[in-house]
Amino acid sequence: MIVITAPTGNIGRRLLPLLVGAAPARGEEVRVVVRDPARLPETVRGRVEVVTGSHGDAATVERAFAGADAVFWLVPPDASTTPEEAYSGFTRPAARALAVHGVGHVVGVSALGRGTPQAARAGLVTASLAMDDLIAGSGAAYRALAAPSFFENLLEEVDSIREQGVFTDTVAADRPAPLVAAADIAARAADLLLDRSWTGVGSVPVPGPQDLSPNDMARIMTEELGRPVRYRRRPLEELRSAMLAHGLNEAFVESRAWSP
């Protein structure tokens, strides 16, 4: 039995069909934890067991993890609270349920950064790494998919790119960094969940095929769209003010805006 949390999110909705398609031939069943079953694709609703509720809720994960052999774990974004509460606070009931039910394997979505000098003061990255430690303490074999920023984040800039030919971020224009697509994380998660010959605790970096700077992305979009696209570096204080104006938790904003 493989349990998928957040099956309708950006990664989960790509992982779900991979597992539903491959699991039966391997003698596996798939169970999903979802707040609203109506959001599941019609093509898979009759092929998975559904546990309705939040996977941050103790009673829900108790039901979901009973009899489970493997779990895909993803914490949904929550900017209404502190990073520690958003990650470790949300995960704590699940870590207890993993231990109680003796779940053998867990694959989670985390962040790059473990072992670096910045790991203890990197905002959301630090919170993600603490979540990994919490899951590892359950006794399950654990693989943290250590992800960089997502290509899909650029979709937040679609209107600006379309109307003004501009996208923004807070990093230097010529600073290359790794990026990954949600589909690539889903594929790696499916491999690990279906072949559970691995043991122990570890991280699996999932960067894309090459590091890209904002200038690189502007050049590629210009070539692909056939019209100019340029990058504008946004001051951190501007980002901070905008996030606070939208009512985001101040500690969450500080971790996002001021992380190295």
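Biologist: Where is S54 found?
Modeller: S54 sits in the loop between β3 and α3. Bear in mind that this is a predicted model.

Biologist: Is S54 buried or exposed there?
Modeller: S54 counts as buried, because its relative accessibility is 16% and the cut-off for buried is under 20%.

Biologist: What does the side chain of S54 reach?
Modeller: There is a polar contact of 3.4 Å between the side chains of S54 and R35. A polar atom of the S54 side chain also lies 3.0 Å from the backbone nitrogen of G56.

Biologist: And which residues does S54 touch, not counting those up to four places away in sequence?
Modeller: Those are V33, R35, T60 and F90.

Biologist: Let's move on to P76. Where does P76 lie?
Modeller: P76 is in the loop between β4, residues 70-73, and α4. With a relative accessibility of 28%, P76 counts as partly exposed.

Biologist: Which residues does P76 touch?
Modeller: Setting aside residues up to four places away in sequence, P76 touches H55 and F90. F90 is also one of the residues that S54 touches.

Biologist: How far apart are P76 and Y87?
Modeller: They are 11 residues apart in sequence, and their C-alpha atoms are 8.6 Å apart in space.

Biologist: Now T5, please. What is the place of T5?
Modeller: T5 belongs to strand β1, which covers residues 2-5. T5 has a relative accessible area of 0%, so T5 is buried.

Biologist: Which way do the residues of β1 point?
Modeller: I2 and I4 point one way, while V3 and T5 point the other way. All four are buried.

Biologist: What does the T5 side chain meet?
Modeller: A polar atom of that side chain lies 2.8 Å from the backbone oxygen of F72. The T5 side chain also reaches the backbone nitrogen of L74 at 3.1 Å. Leaving aside neighbours within four places in sequence, T5 is in contact with V33, H55, F72, W73 and L74.

Biologist: What stands opposite T5 in β2?
Modeller: That's V33. β1 and β2, the latter being residues 30-34, run parallel and are joined by four bridges.

Biologist: How many strands form the sheet, and in what order?
Modeller: Seven strands form an open sheet, in the order β3-β2-β1-β4-β5-β6-β10, with parallel pairing.

Biologist: Which strands stand at the edges?
Modeller: β3 (49-52) and β10 (201-205) do. Each has a single partner strand, so one side of each has no neighbour in the sheet. From one strand to the next, the twist averages 20 degrees.

Biologist: How many bridges are there between β5 and β6?
Modeller: Seven bridges, and the two strands pair in the parallel sense. β5 covers residues 105-111 and β6 covers residues 141-147. A111 stands opposite A147 in β6.

Biologist: Helices next. At what angle do the axes of α3 and α4 cross?
Modeller: They cross at roughly 35 degrees and come within 9 Å. Helix α3 is residues 58-65 and helix α4 is residues 83-101. The crossing of α3 past α4 is right-handed.

Biologist: Which residues meet between α3 and α4?
Modeller: From α3 there are A58, V61, E62 and F65, and from α4 there are P93, A94, A97, L98, V100 and H101. By class, the contact has eight nonpolar, one polar and one charged residues.

Key: Residues numbered from 1 in each chain as written. Predicted model: local features only at pLDDT ≥ 70, side-chain atom pairs only at ≥ 80, totals over all residues. Heavy atoms only, no water. Axes fitted to C-alpha atoms, helices over the stretch in contact; angles between N-to-C directions. Left-handed = near helix turned anticlockwise from the far one by under 90°. Contact = heavy atoms within 4.5 Å. Nonpolar A, V, L, I, M, F, W, Y, C, P; charged D, E, K, R; others polar. Pairing = 2+ DSSP bridges. Buried < 20%, exposed > 50% of the residue type's maximum accessible area, 1.4 Å probe, protein only. Polar contact = N/O pair within 3.5 Å; in protein donor to acceptor, adjacent residues only side chain to side chain.
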